[in-house]
Every structure is written in structure tokens, then in C-alpha cells.
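I opened a new page in my notebook for this protein.

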Amino acid sequence: MNELVKSLPSPTLPGLHLPCVDAHKGWLFKWTNYLKGYQRRWFVLSNGLLSYYRTQAEMAHTCRGTIPLATAHIEVGDTCHLVLTSGGRSYHLKATSEGECQKWVSALQQAKSNATLLMHHSDDSGDEAPVHQEDRTLTQGVLKTLASKLDDLSTCNELIGKHGAALQRSLSELEDLRASTDSTDKVKAVNERATLFRITSNAMINACRDFVDVAESHSRRWQKALQHEREQRHHLEETIEQLAKQHNSLERAWRENPTSYTGEAFCEGDASDENDEAEFFDAMEDSPAFITVTDTSGTNHMQLQRTRRSRIPDKPNYSLNLWSIMKNCIGKDLSKIPMPVNFNEPLSMLQRLTEDLEYSELLDRAARCDSPLEQMCLVAAFSVSSYSTTVHRTAKPFNPLLGETYELDRLEEYGYRSICEQVSHHPPAAAHHVSSQRGWTLWQHITIDSKFRGKYISVVPLGNIHLQFHSSGNHYVWSKVTSTVHNIIVGKLWIDQSGDIDIVNTTTKDTCRLKFSPYSYFSREVPRKVTGVVEDRDGTAHYILSGTWDDKMESAKIVDSSQGCGGSEGKQKTVYQTLPPKLLWKKYPLPENAENMHFFSTLALTLNEPEEGVAPTDSRLRPDQRLMEAGLWDEANSQKQRLEERQRLERKRREAQANQALEEGDLSLDDSKTSFCSQDIEGYQPLWFEKRTDETGESSFIYKGGYWEAKDRQDWSHCPQIF
């Protein structure tokens, strides 16, 4: 047994040396800036460093940059793309083929693994020898040692069981002794067995101690590596978030001056790649209210822009049982259910409609398109982008009061002006008009049909959205899909979009059908998936659209099509061969601390920001909404009840006046007009919109003008006092 104890293996592992890793070389395309795009560079991977040169000849004298892989993050994108992030900078690379990209990724990951292991060993302290060891061999050696210790423990366990049973038998025999002549031999046997049991137990304890020592010694190394990875991940997340904000600022600044913006990244010259990749965002970060532009005379000047707010007070943590309020409202119109502000967000439905303009740059790009089919792709991406802000927004916007308005003047930043008005209260309907100096006009008349179904709430927007481009005259028409809020009774609230959007260019008769796939637990499809096909007036498909409504949309040009295998109901599916997809739209990252600010986007945070000179009916002046945003929810509930009661009394007054006028004969109805809208009965007419029939035969409220002129004069004498 003593031999067994002495034969236990030592936890010390033999030293292992890393093999020399051969250099990997080749051409890759590297992103430089928005003017030059991707540029061909010669890359060399050696000793954990990725260096790049303009040509192979430059290897002898000029290195354009070096990326240490020990602390780099490697991310594989789509279509031969990969991104390396190191030291707060991101390097966007592109290979010529998928196979070449995979070779580079494998080589980079192996080099990163080796470099990380070398760094960890150089940082180790204590009595461990600073010997360089290959990660895989080291892990295998540790596992082999632990397995050996487990075998020893198993052997000791068997011996303890065997000797323990023998000791128990001896003790039983000792109790049964009657004759004193046998007692001495029996006691001697018991002592021998007890000694064997003690030796085996000691061996068991020593083996356990060795096992624990080995595990603990390497667990410290692994914990250190894990902590390092966590710190790296946190650093990378902060870097990526900062880069996304900077990228967003650059795009916005470029959209404002697409032909004349001359930031640091747009400098021409061939001095070196370092100039191509200069961090030109820093000046914008330091002074967000200013951008540098170049006028026609070639002299630089500073243009002042208003700095919009980037945060609102944090949402209070109030708990309220939604089911206790809504259990008696199943099947009712959601707009008629009295709800406390606890289930609202501090924006009105008019502001939510205006939030559709978050990605107005898509329409700016579409206005510059010569091809109506490419223009259709951008219009389709714009129609999808309006849902990206809703993925976390399960709260209900405020129902606007009758006559409530909302303006958004972004002429200086984005070239458009927007005006909304609540034109009806039952059913709730809003009219919206947007005019852009960048070549397009958008208008819509939306009626909300919302129902509470017990387990979920469905919101169905009724009405069409119209978009017309000034230069081409192309007129697009589409409608919205159904929004559904799930888990009303139990569970976490979540929102889904489902249905089809049919976009029609009434000028060229081109069409696009977008399908929003409803979420299914059993489906293998990507959640929130959107697909579509762009067809000309003859039904020929030209583009495939794909993506998700909460992230991005891409388009792929069709180069060939064929009939595939049979689909459902015996129909053959059409198989399209396309070119690589191009990105149409990508969602902006949410602002910092968005989870405590109702998950508002950058634009949404500014929608309720106070503005001077707006109409007295503007949503920004609504007291209950303003109090809720400030976190004073009890006061907001009191104001909400006051406003709703005032609106009910005003409605009854208008109805009484209309009925009295009918009785007195002041209002007459001829035989050909036996029906009229509720606004006529109530005697209410919108201030800024009027009902018309357009060329498509649709009757809707159209902007009749006058709002911006009244704002310039500050003449709001015709506005009702609704607050």
C-alpha cells in the first residue's frame, strides 16, 4: 500500500515549446475611406503580427500598418468580409473568394491563439517556469494528469471498500469471542486490518490533495485568461459602440453636404495609408454643434447647427398589473379603453408617425436614382425601416386629442418639414404631410384599428402612404402591416410585425411585395424576417430583397431564373440566380442608456424637446405627456383624466350644436348624399388638412397649406385651446 501511495504521479507537467508558425501572405482589399472605398493591399502574417503594404516591393522599406493579433478581435462577415478590431480601431478587409477568406480566417485565428498563449505565459508569476508551451498540448497534458489522478482515486476507493469490509468482519468476530486463547490472535488481525485501512485512507487523501492542487494551479491560469477575455470583450463593445456613434455622426454630416464635405477622411493624396484611415471623427465628437464645409469659392467656414438633446429623465420603476385593468375590455377598441400613463411612452401617436422619418436619407438617395427599379428597392427599404424602432417599444403612445398637431422642422439638418394633425377622434385618424428640399414629398392619412384579444393586442393601421419624387414624378403607394403585442396576461411583453406590404409605382406600374414573416417558436426561419421581389410592369423580377425589420435590408440583382422543385399545392417554385447582395439600409445603434429611456432612438429622444414658436395645439405642449416624461406619473395621470373629460364634454357640445342645426334646417341633406362623416356631424373641421379624392380614387385628408406661413407670422388665432 505504501508503494501505491509513492507511485502517485507528480502534478508537475513537462515543458512544451510552441512550433514555429510559417508566415501567411497574400492580397486582400482593405477599406480606406468613403471616397476611395476598398484598396488592394499586400498582407503578411508572421509571429502574431499582421502587417500590410501597398505592394510586395514595399516590404523591404515601408510598412503601412501592423495589427497585433494577441489582443485583436476577429469577426467574419458576409460575402468574403472580415473585421479585425485592435486598440480601438477596426480594420475592414475583403478577400477575393470565400475559399481565400476561409484560409485567412483560419490562419488569423491560429496566430491569435498562439500569440495569446505567449502573452499569458509571459504574464504568469510565482514558481512556474517561464516556458513557452502550445495551448493544445498544455491542455492535453493537464487533462492527462487529472485523468491519472482520477484512476488513483478509483483504486484507493476500491481498496478502502475491501479493507473496510474486512475490518468490519474482524470486529464482529472479536465480539463473538468466548475463549481467551483466541483473543490475542483476533486482536492482532484487527490491528493489521485497521493499519491497512489507515494507509489506504491516507493514500486516498493524498491523491485527493494532488488532484485539487493540479486543478487549482491551472484554474488560476484559466481564470486569468477568462478575466482577460472579459476585459477585452468589454473594451471591444465600448469601442464598437463609440465607432458606431462616430459613423452615425459622419453619415449625418455627409448627408447634409454630400458634394462639399471635406472632413479629414476625404483628403486626397498618396502619402500613406495612415492618412487614409485618420480618425476624423474626433473633431465632431469634441464640438458636435459644428461641421466643416467648403463653399463654392474654396474657402472654409464654420456652419452652426443646433445641438439636439441626447437623453431624457430615466423611466421610473412603477409596477402595475395590466391584466387587472384590461380583463374587462376584451374585444374593445384599444383607443376607447381608459389607460393610466404607466402603459404609455411619453410620445403621442402623431410623434410616432413622424418617427417614420428616422431614415429619411433613404428617400434622399432614391430621389437621385435614375433607375425606377433601383428607386423601388430604396423605397421598400424605407418602408421596412419605420418598424426598426418598435422592436423594444411595447408601450402605447398617447392618443392625440382632436385638433392636436405636431410639427418637425429639420430643414437645416435633413432638408424636410413635417406636419401632423389629428383629424378624427372616433375612429382615431391622423393626417401627415412631409415636404423635402431634396426632391420628394410624402403624405399619409392613417386610421388605427386596435383590438384587445385577451392574450395579445393587435394594431392594424388603415390607409395608404403616398410618396412622390419631384424630378421623375414617380408616385409610390403602400400601406402598413399589423403590429401585435404578445404576453398581455403573463410573461414578458414582446412585439411582432406580420403581413404583406404591396408597394406600387403608379407612374411606371412597377411593384414590390414585401412579406413580414410572423414569429413562430417552431420555425427555423430567422426571427423578424422580411423578403420581397421587385418586378416591372410585365411581371419580370429584377431584384430580390431580404433582411429583418429590426436590423437591415439588402438587395440582390437577378441575373437568371429557373423553375425549381414543386412547392405547396403542386406549384413550382422559381429559383433566382443573383449577384452578391448590396446593403440598402442598416439600423442605427440605440443611444447609451436607452433601456432606461423607453428604448427611444436618437430621433425619438428629440421629438418631445421643447420648441419655440410652435402652434398651441402641438404635442410638445400637452401637459400629461410632459409630466410623464419628467417622471411625475401621478400628476400625469391627473392631467390625462382632465384632458379626456374635457374632450368628452367638447364632443357632446359639438354634437348638440349639430343636432340643433339639423332641427332648425341650417344643415340640409339632399337625396344623393345620404351619408356624411362624423366630423361633419360634430361640426369639426381640421385646420391644416382637407378631405380630397386623389387620382387613384382614394378619399383622404390632404395638406391644404398655411401652417408654416402661420408660424412665420406667429398667428395662431384659429387654433382651438385643447390643453
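**Entry 1: the whole protein.** I noted at the start that this is a predicted model. I looked up the secondary structure and found 16 helices and 28 strands. The protein has 723 residues, and 42% of them count as buried. The accessible surface comes to about 38,100 Å². Carbon and sulfur atoms own 51% of that area.

**Entry 2: contacts along the chain.** Residues 24 or more positions apart make up 58% of them.

**Entry 3: cavities.** How many cavities of 30 Å³ or more are there? I found three. The largest cavity has a volume of about 90 Å³. I listed its lining and got 13 residues. Nearest its centre lie D356, F382, I465, W478 and K480. Two elements, α10 (372-385) and β15 (440-452), each give two or more residues to this lining. I also sorted the lining of the largest cavity by class: seven residues are nonpolar, four are polar and two are charged.

**Entry 4: aromatic pairs.** I counted 15 aromatic pairs in the structure. I picked Y359 and W585 to look at. Their ring centres are 5.5 Å apart and their planes meet at 80°, so I wrote the pair down as edge-to-face. Where do the two partners sit? Y359 is in the loop between α8 (349-354) and α9 (361-367), while W585 is in strand β26 (residues 582-586). The pair therefore ties together parts that are 226 residues apart in sequence. Are these two residues buried or exposed? Both Y359 and W585 are buried.

**Entry 5: a second pair.** Next I checked Y387 and F516. The ring centres are 5.4 Å apart and the planes stand at 70°, so this pair is edge-to-face. Y387 lies in the loop between α10 and β11 (396-398), and F516 lies in strand β21 (residues 511-516). This pair links distant parts of the chain, 129 residues apart. I then looked up accessibility, keeping in mind that buried means under 20%. Y387 has 5% relative accessibility, so Y387 counts as buried. F516 has 1%, so F516 counts as buried.

**Entry 6: a cluster.** Which residues do ring pairs link into a cluster? I wrote down W688, Y707, W708 and W716.

Conventions
Residues are numbered from 1 along each chain as its sequence is written. This is a predicted model: local features need pLDDT of at least 70, side-chain atom pairs count only at pLDDT 80 or more; totals for chains, interfaces and linings use all residues. Side-chain values use heavy atoms; hydrogens and water are left out. On a 1 Å grid over the protein atoms alone, a cavity is a set of points where a 1.4 Å probe fits but cannot get out, and a pocket is an open set with protein on both sides within 12 Å along at least five of seven lines; lining residues have an atom within 4 Å of a point. Grid points are joined across faces, edges and corners, and a volume is the space filled by probe spheres set on the points. Helices (H or I, at least four residues) and strands (E, at least two) are DSSP runs, numbered from the N terminus. Ala, Val, Leu, Ile, Met, Phe, Trp, Tyr, Cys and Pro count as nonpolar, Asp, Glu, Lys and Arg as charged, and the others, Gly among them, as polar. Buried means under 20% relative accessible area, exposed over 50%, partly exposed in between (1.4 Å probe, protein chains only). Contact means heavy atoms within 4.5 Å. Accessible areas come from the Shrake-Rupley method with a 1.4 Å probe; for residues, only the protein chains shown count as cover. Rings of Phe, Tyr and Trp (its six-membered ring) pair if their centres lie within 6.5 Å; planes under 30 degrees apart count as stacked, over 60 as edge-to-face and the rest as tilted.
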